[in-house]
Amino acid sequence: MHLIIMRHGEAGWHTLDRERELTEFGRHGVADVAAQIAESPWRPEFIWCSPLVRARQTAAIASEILNCAVTEKDYITPDDDPGRCLDELIEAAPAQLMIVSHMPFVGSLSTLLVDGHRKGIPFMTAQAVVLEMPVAGPGCADLRAQFLP
């Protein structure tokens, strides 16, 4: 399985965190990273995204460039437990998937899959990493590539 984990693009401010929208700079960064992924051997077939506006907008831009379907998942928001996502990856993940979410979730999910812990690593906005896993599980992934805006 190839899994791409991507943080949403730069977002502006809003009184409701769930309603924050991408800035113009954020949109360009997402498009740049999606174009890099499209030219790579790790092009996803499906995208799972957080229901928050900035993640949905990021996924929509990536989907257009990568020509793949987007499904919202309510368990990949900023403070969700990456273990729940891991359970879904084990049960129902396609072989080539991109997840679009937020910090600290993307950092925690990455370290859970690569190192078997949830301490997390930092992601800049619109950054994406490629993980390769023979099977989905804690500590089963290898970092293969990263894409930066």
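This is a predicted model: local features need pLDDT of at least 70, side-chain atom pairs count only at pLDDT 80 or more; totals for chains, interfaces and linings use all residues.
Local features are described only where pLDDT is at least 70, and side-chain atom pairs count only at pLDDT 80 or more, while totals for chains, interfaces and linings use all residues. Residues are numbered from 1 along each chain as its sequence is written, and side-chain values use heavy atoms, with hydrogens and water left out.

**View 1. Helix H3 (residues 82-92) crosses helix H4 (residues 105-115).**
Helices (H or I, at least four residues) and strands (E, at least two) are DSSP runs, numbered from the N terminus. Two packed helices are described by the angle between their axes and the distance between the axes. Here the axes come within 9 Å and cross at roughly 60 degrees. That makes H3 oblique to H4. As for the label, under 35 degrees is roughly parallel, over 145 roughly antiparallel, 65 to 115 roughly perpendicular, and the rest oblique. The axes themselves are lines fitted to C-alpha atoms, for helices over the stretch in contact, with angles from 0 to 180 degrees between N-to-C directions.

**View 2. Who touches whom between H3 and H4?**
On the H3 side, look for Pro 82, Gly 83, Cys 85, Leu 86 and Leu 89; H4 brings Phe 105, Ser 108, Leu 109, Leu 112 and Leu 113. Contact just means heavy atoms within 4.5 Å. Sort these residues and you get eight nonpolar, two polar and no charged. Nonpolar covers Ala, Val, Leu, Ile, Met, Phe, Trp, Tyr, Cys and Pro; charged covers Asp, Glu, Lys and Arg; the others, Gly among them, are polar.

**View 3. Strand E1 (residues 2-7) sits between partners E4 and E5 in its pairing list.**
Five of the six residues of E1 are buried, so the strand is largely enclosed by the rest of the structure. (Buried is under 20% relative accessible area, exposed over 50%, partly exposed in between, using a 1.4 Å probe and protein chains only.) Strands pair if DSSP finds at least two bridges between them. E1 runs parallel to E4 (residues 96-101), with six bridges, and antiparallel to E5 (residues 128-132), with five. Arg 7 has Ser 101 of E4 as its bridge partner, and Met 6 has Ala 128 of E5.

**View 4. Ser 63 in helix H2 (residues 53-66) and Ala 69 in strand E3 (residues 69-72).**
Ser 63 is buried, at 16% relative accessible area, whereas Ala 69 is partly exposed, at 43%. Leaving aside neighbours within four places in sequence, Ser 63 contacts Ile 47, Cys 68 and Val 70. Counted likewise, Ala 69 touches Glu 45, Phe 46 and Ile 47.
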